Amino acid sequence: MMSDPKKPMAVAIMGPTASGKTAAALAIAKTRPVEIISVDSALVYREMDIGTAKPSPEELAAVPHHLIDIIDPLEAYSVMQFREDAIRLVGEISARGALPLLVGGTMMYFKGLTDSLDDLPTADQAVRASIEEEAARIGWPAMHAKLAVLDPVTAQRLKPNDAQRINRALEIIQLTGKPMSELLGLRARPELPFDLVSFALEPSDRAVLHQRIAQRFDGMLGTRDDEGLVAEVARLRARGDLSPTLPSMRCVGYRQTWDYLDGTINREDLRELGIIATRQLAKRQITWLRAMPERIVIDCLGTDPTQALLDRLAALEK
């Protein structure tokens, strides 16, 4: 993979949750001036630190970070907003003589950055509300079955309970009269104003990654309700203006903790469901990655994945 000498270079570090992306980025930061652009749909929210595995204050202070803590949990942040912000930031960081690192696991953001989503209509709250009303009557699995008839390609990659994405796919059909898969297929791939080199930290053994996920979720949960993730979600609920239907509160871990605080599940269920949801997220992330042929794969469970990434990056820069 050759870099275009006429364009600045940016490096993407992708991977499923618990694959070591932050550690790899910080290791690169020790070898050259870098700035990190977060590619994570949960890290954009303020007041959500524990369940999102937000970098520590020390990590944030060690390297300049962008697109972290930029909106309130009541607000939304779209793929196109990310794309515009990321392109702008890459230009600004490159102009400062630093290497832009795009680090995260929100694959739709990476997809939107490289492929663009300009042809898709913006959200229509009235249409979304209508779809949600129907889903309240018949359930999201039935809405998924409806989508499978209208847009089988999109439905095939969505889980029957993936309310947010099913809603969006049905919304696009109502607004355009065409399935999302057709609109995406018609779109020309845009040319980025920078050369993007993409690394993917992927596990050679899913079972080991699952162990990491369980350990990390246990660390977030802690041992008492007055600490950790439960205390964080309790503080968010106490604001009085948030609900479990918001994108922020649908983040993995947060929606299960909300149910726990509602009393619909016990603490043991919270742990089990939180770990299962995180494993499912990791599976979806890996599926997205394997559809990205231009990525450079690094085994995140190898002897020294960070050094392997640094060696490959050094070879590309020669």
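Gly-15 touches Lys-21, Gly-104, Gly-105, Met-107, Leu-201, Gln-285 and Leu-289, not counting residues up to four places away in sequence, where contact means heavy atoms within 4.5 Å. This is a predicted model, in which local features need pLDDT of at least 70 and side-chain atom pairs count only at pLDDT 80 or more, while totals for chains, interfaces and linings use all residues. Residues are numbered from 1 along each chain as its sequence is written, and side-chain values use heavy atoms, with hydrogens and water left out.

Gly-15 is found in the loop between strand 1 (9-14) and helix 1 (21-29), helices (H or I, at least four residues) and strands (E, at least two) being DSSP runs numbered from the N terminus. Gly-15 is buried because its relative accessible area is 0%; buried means under 20% relative accessible area, exposed over 50%, and partly exposed in between, with a 1.4 Å probe and protein chains only. Thr-17 lies in the loop between strand 1 and helix 1, and with a relative accessible area of 8% Thr-17 is buried. Leaving aside residues up to four places away in sequence, Thr-17 touches Leu-209, Ile-213, Arg-216, Thr-278, Ala-282 and Gln-285. In an unreviewed UniProt entry, the residues listed for "binding site" include Gly-15 and Thr-17; the positions are given in the numbering used here, feature names are shortened, and annotations may be inferred rather than shown by experiment.

We can now turn to helix packing. Helix 1 packs against helix 14 (residues 305-317) at an angle of about 50°, with their axes 9 Å apart; axes are lines fitted to C-alpha atoms, for helices over the stretch in contact, and angles run from 0 to 180 degrees between N-to-C directions. That angle makes helix 1 oblique to helix 14, because angles under 35 degrees count as roughly parallel, over 145 as roughly antiparallel, 65 to 115 as roughly perpendicular and the rest as oblique. Ala-24, Ala-27 and Ile-28 of helix 1 meet Thr-306, Leu-309, Leu-310 and Leu-313 of helix 14.

Helix 5 (residues 125-138) and helix 8 (residues 163-176) also pack together, at an angle of about 125° and with their axes 10 Å apart, which makes helix 5 oblique to helix 8. Here Val-127, Arg-128, Ile-131 and Glu-132 of helix 5 make the contact with Asn-167, Arg-168, Leu-170, Glu-171, Gln-174 and Leu-175 of helix 8.
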